[in-house]
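This report walks through one model, from its sheets to its core. Keep the sequence and the coordinates open while reading.

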Amino acid sequence: QVQLVESGGASVQAGGSLRLSCAASGSISSIAVMGWYRQAPGKQRVLIAAINRGGNSNYSDSVKGRFTISRDNAKNTVFLQMNNLKPEDTAVYYCNADPDGRNWYSHWGRGTQVTVSS
């Protein structure tokens, strides 16, 4: 399994933008699905965006139209572009990998904190 390290989190005002990065320790080109999760204070970790090898992506309703996931297989990196941020986007953001399209990795990185103030 590759190790995943998230970065790019920050404190921003509502309406602002951030770009998160997820750097993998090895090749991600063969990994079926890469995804971004987030965990808000007192809540469960939830999947908000995913992208498959072919570049097709899916989003949760809460971020659809505002967030964009992308993957650069050559750089072994996955990105999450977040626009029009809202206070309810405040959370720790994690990336994960689903190598065969059936099971996400059971281990997690440290995540990166995003705080949006009104």
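Contact here means heavy atoms within 4.5 Å. The model is predicted.

## Ser21 and its surroundings

Ser21 sits in strand β3. Setting aside neighbours within four places in sequence, Ser21 is in contact with Val5, Glu6, Ser7, Trp36, Thr77, Val78 and Phe79. Gly8 is 13 residues from Ser21 in sequence. In space, the two C-alpha atoms are 6.1 Å apart.

## The four-strand sheet

Strand β3 belongs to an open sheet of four strands. The order is β1-β3-β8-β7, and the pairing is antiparallel. Strands β1 and β7 are the edges, each pairing on one side only. From one strand to the next, the twist averages 15°.

Two pairings involve β3. Four bridges join β1 and β3 in the antiparallel sense. Leu4 has Ala24 in β3 as its bridge partner. Strands β3 and β8 also run antiparallel, with six bridges between them. There, Leu18 has Met82 in β8 as its bridge partner.

Strand β1 covers residues 4-7, and its side chains alternate. Leu4 and Glu6 point to one face and are buried.

## The six-strand sheet

Six strands make up another open sheet. Their order is β2-β10-β9-β4-β5-β6, and the pairing is mixed. The edge strands are β2 (11-13) and β6 (57-59), each with pairing on one side only. The twist averages 25° from one strand to the next.

Which way do β2 and β10 run relative to each other, parallel or antiparallel? They run parallel, joined by three bridges. In this region, Gln13 stands opposite Ser117 in β10.

## The disulfide

The structure holds one disulfide. Cys22 and Cys95 form it, with their sulfur atoms 1.9 Å apart. Cys22 lies in strand β3 and Cys95 in strand β9, so the bond ties together parts that are 73 residues apart in sequence. The torsion about the S-S bond of Cys22 and Cys95 is about 55°, so the disulfide is right-handed.

Are the two cysteines buried or exposed? The cut-off for buried is under 20% relative accessible area. Cys22 has 1% relative accessibility, so Cys22 counts as buried. Cys95 has 2%, so Cys95 counts as buried too.

## The nonpolar core

The largest nonpolar core has 28 residues. Which of them touch the most other members? They are Leu4, Trp36, Ile48, Phe67, Leu80, Met82 and Tyr93. Seven elements are listed as giving two or more residues to this core: β3 (18-24), β4 (33-39), β5 (46-52), β7 (67-72), β8 (77-82), β9 (91-98) and β10 (112-117).

Take Tyr93 from that group. Residues up to four places away in sequence are not counted here. Tyr93 then touches Glu6, Leu20, Trp36, Tyr37, Arg38, Ile48, Phe67, Leu80, Met82, Gly111, Thr112 and Val114. Among these partners, Trp36, Ile48, Phe67, Leu80 and Met82 are also core residues that touch the most other members.

## The aromatic cluster

A search of the whole structure finds three aromatic pairs. One of them joins Tyr37 and Trp108. Their ring centres are 4.9 Å apart, with 85° between the planes, and the pair is edge-to-face. This pair links distant parts of the chain. Tyr37 is in strand β4 and Trp108 is in the loop between β9 and β10, 71 residues apart. Tyr37 is buried, with a relative accessible area of 10%. Trp108 is partly exposed, at 33%.

Trp108 also pairs with Tyr94. The ring centres of Tyr94 and Trp108 are 5.8 Å apart and the planes are at 75°, so this pair is edge-to-face. Tyr94 lies in strand β9, 14 residues from Trp108 in the loop between β9 and β10. Tyr94 is buried, with a relative accessible area of 9%. Which residues make up the cluster as a whole? Tyr37, Tyr94, Trp104 and Trp108 form one aromatic cluster.

Conventions: Residues are numbered from 1 along each chain as its sequence is written. This is a predicted model: local features need pLDDT of at least 70, side-chain atom pairs count only at pLDDT 80 or more; totals for chains, interfaces and linings use all residues. Side-chain values use heavy atoms; hydrogens and water are left out. A nonpolar core is a set of buried Ala, Val, Leu, Ile, Met, Phe, Trp, Tyr and Cys residues joined through side-chain atoms within 4.5 Å. Buried means under 20% relative accessible area, exposed over 50%, partly exposed in between (1.4 Å probe, protein chains only). A disulfide is a pair of cysteine sulfur atoms within 2.5 Å. Two strands pair if DSSP finds at least two bridges between them. Axes are lines fitted to C-alpha atoms, for helices over the stretch in contact, and angles run from 0 to 180 degrees between N-to-C directions. Rings of Phe, Tyr and Trp (its six-membered ring) pair if their centres lie within 6.5 Å; planes under 30 degrees apart count as stacked, over 60 as edge-to-face and the rest as tilted.
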